[in-house]
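Subject: Structure for your review

Dear colleague,

Please find below the structure that I am handing over to you. My notes on it follow.

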Amino acid sequence: MPERLYAIALLSIFFLTACSGDIKVTTDDDGTASEIVDADKLPQFLINTNGVSIVDEPKIDAELVIIEAGVEMHRGAIGIEIRGSSSQQFPKKSFGFETRDEANEDVDVSLLGFPEEEDWILYGPYSDKSLIRNHLIYELSNDMGRYASRSKMVDVFINDTYNGMYVFMEKLKRDSNRIDINKLKDDENFGEDLTGGYILKLDKADGPNQDVYTETNSFLSDFDPPNSTGGQQIHFLYDTPDQDDITLEQKAYISGYMGDFETALISNEFADPELGYRKYIDSESFIDFFLFNELSNNVDGYRISTWLTKDKNEKLKMGPIWDFNLAFGNADYCEGGSANVWAYRFNERCTDDTWQVPFWWHRLLEDPAFVVQLQDRWIALRSSTFSESSILGKIDSYVSEINESGSIDANFSLWQVLGTYVWPNNFIGASHDDEIEYLNNWINTRLSWLDGSIAGL
């Protein structure tokens with residue numbers, strides 16, 4: 001059977017059996033079909049828009065049915081839209097959706113055992129042909145006690161048509177089960193009430209003009225990024241409270257706090273425990289954030305999709321981590337594919353990129369106490385969460401799960417990207433197995449390089 005016709009036939013069988021709640025289909029090595037029992041299937045997200053196209057904005061009305069192990073676990077109304085930034089160039093779209101009640105009002109629900117909320121994400125890996133980079137890093141973060149979005153691998157169908165393997169995730173937001181910080185009200189403008197909680201981002205600006213920042217949506221750092229050559233500046237975006245809800249007093253407080261932190265960090269007394277930067281930041285969170293981005297050589301690290309929180313009466317913290325689809329050797333620009341460079345020194349390699357890394361990390365590594373703390377943390381993690389057996393064991397379990405479910409075959413039969421370049425691939429494998437082998441080898445090389453490089457700081 002010609003390859004294209006075979007793929008269509010495979011997807012047809014996959015869809016019919018998946019939606020029936022009975023079996024799915026993959027292929028054995030000899031090309032014959034084999035049945036897959038309900039228990040081996042990934043959860044299935046069946047989205048019905050009644051024929052209406054899903055767009056970037058606004059959310060459209062739809063219905064969501066979730067089937068797990070052959071059992072319907074959820075049925076309800078949703079509002080759904082396309083989400084993402086650079087990923088919107090890909091034909092396989094990612095989606096954001098909110099759960100709704102019978103009156104079409106937002107309602108908190110628990111999906112796939114995650115804590116109740118209304119805002120959710122279906123992330124569609126496309127350029128990440130391993131399909132698992134984000135899922136991996138988020139689970140590593142949660143394993144070591146740093147909240148990251150909970151995630152599960154699922155299959156998505158839209159209007160009776162299979163749309164690929166996705167990663168179901170929580171949207172990052174202030175919530176007692178997500179980013180657990182104080183809810184800052186619009187009448188809390190004085191005293192200790194004013195001290196939190198805030199969520200800020202270093203990121204592209206929202207909307208079609210991603211490099212346009214205003215006094216409404218952000219505030220400017222007092223210090224330019226090091227090594228940049230294009231007059232770039234660092235902008236802090238308001239996330240929570242957002243630009244529509246944050247008051248003038250709250251803007252003044254959080255911009256002043258960030259200014260005080262940066263001034264202390266760049267000062268001659270920066271390493272002084274009382275006068276320096278430690279007065280303003282939670283060093284442990286900065287170290288863990290650093291190690292996640294360096295573990296993966298995240299080409300977006302420190303400068304895009306970078307979240308910071310400031311809780312009431314607390315110091316500034318880095319995180320949660322977010323969006324590592326171009327990490328772990330999956331970018332062919334600015335040494336994003338290299339296993340032997342520092343991610344935090346991005347500006348030295350790409351001096352003209354619009355989004356640059358703040359000066360913080362160079363300066364923090366000039367403090368011997370910070371370096372010792374970082375080295376101790378790395379040693380501890382290397383014998384636990386960041387050990388080869390821990391990381392590669394997770395990868396093996398993910399691959400086994402999506403292979404036994406038939407989702408690898410189905411996804412790449414629909415999205416035929418294996419063996420072809422998809423921006424910004426650093427490696428192009430002929431098969432999913434090749435992609436996983438590359439990922440495993442890259443991680444082993446990276447861990448070895450970091451062992452020596454962190455010890456030598």
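**The barrel and its strands**

Strand E3 (residues 44-48) and strand E4 (residues 60-68) run antiparallel and are joined by 5 bridges; strands here are DSSP runs of type E with at least two residues, helices are runs of H or I with at least four, and both are numbered from the N terminus. Two strands are taken to pair if DSSP finds at least two bridges between them. Please note that this is a predicted model, in which local features need pLDDT of at least 70 and side-chain atom pairs count only at pLDDT 80 or more, while totals for chains, interfaces and linings use all residues. Residues are numbered from 1 along each chain as its sequence is written, and side-chain values use heavy atoms, with hydrogens and water left out.

The hairpin of E4 and E5 has 2 residues between the strands, and Ala69 takes a positive phi near 50 degrees in it. E5 also pairs with strand E6 (residues 94-100), antiparallel and over 7 bridges, and Arg83 stands opposite Ser94 of E6.

These strands belong to a closed barrel of 7 strands, which runs E3-E4-E5-E6-E7-E9-E8 with mixed pairing. On average, neighbouring strands of this sheet are turned by 40 degrees against each other, direction ignored. Helix H2 (residues 133-143) packs on the sheet and touches strand E7 (119-123), strand E8 (151-158) and strand E9 (161-170); the direction of H2 makes about 150 degrees with that of E8. For such angles, axes are lines fitted to C-alpha atoms, for helices over the stretch in contact, and the values run from 0 to 180 degrees between N-to-C directions. Contact means heavy atoms within 4.5 Å.

**The open sheet**

A further 5 strands form an open sheet in the order E11-E12-E10-E13-E14, with antiparallel pairing. Its edge strands are E11 (218-220) and E14 (316-318), each of which pairs on one side only. Neighbouring strands of this sheet are turned by 30 degrees against each other on average, direction ignored.

Strand E13 (residues 306-310) pairs with E14 in the antiparallel sense over 3 bridges, and Thr309 has Lys317 in E14 as its bridge partner. Helix H3 (residues 248-266) lies across strand E10 (198-202), E11, strand E12 (235-240), E13 and E14, running at about 60 degrees to E10. Helix H4 (residues 283-295) also packs on the sheet, where it touches E13 and E14, and its direction makes about 20 degrees with that of E14.

**Nonpolar cores**

A nonpolar core is a set of buried Ala, Val, Leu, Ile, Met, Phe, Trp, Tyr and Cys residues joined through side-chain atoms within 4.5 Å. Buried means under 20% relative accessible area, exposed over 50%, and partly exposed in between (1.4 Å probe, protein chains only).

The largest nonpolar core has 106 residues, of which Phe261, Phe286, Trp360, Trp361, Ile395 and Ile443 touch the most other members. Helix H10 (residues 432-455) supplies the largest share of this core, with 8 residues. Leaving aside residues up to four places away in sequence, Phe286 touches Phe261, Ile281, Leu316, Lys317, Met318, Trp360, Trp361, Leu364 and Phe370. A second, separate core of 23 residues includes Ile80, Phe95, Leu122 and Val154.

**Salt bridges**

The structure holds 25 salt bridges, each being a side-chain nitrogen of Lys or Arg within 4 Å of a carboxyl oxygen of Asp or Glu. Among them, Asp203 and Lys201 meet at 4.0 Å, N to O, and both residues are buried.

Arg278 forms a salt bridge with Asp367, with the closest N and O atoms 3.8 Å apart. This pair links distant parts of the chain, 89 residues apart: Arg278 is in the loop between H3 and H4, and Asp367 in the loop between helix H6 (360-364) and helix H7 (368-382). Asp367 counts as buried because its relative accessibility is 3%.

Asp353 and Arg303 form a salt bridge at 3.0 Å, N to O. Asp353 lies in the loop between helix H5 (346-349) and H6 and Arg303 in the loop between H4 and E13, so this pair ties together parts that are 50 residues apart in sequence. Asp353 is buried at 18% relative accessible area, and Arg303 is buried at 4%. Finally, Asp61, Glu98 and Arg100 are linked in a network of salt bridges.

Yours sincerely
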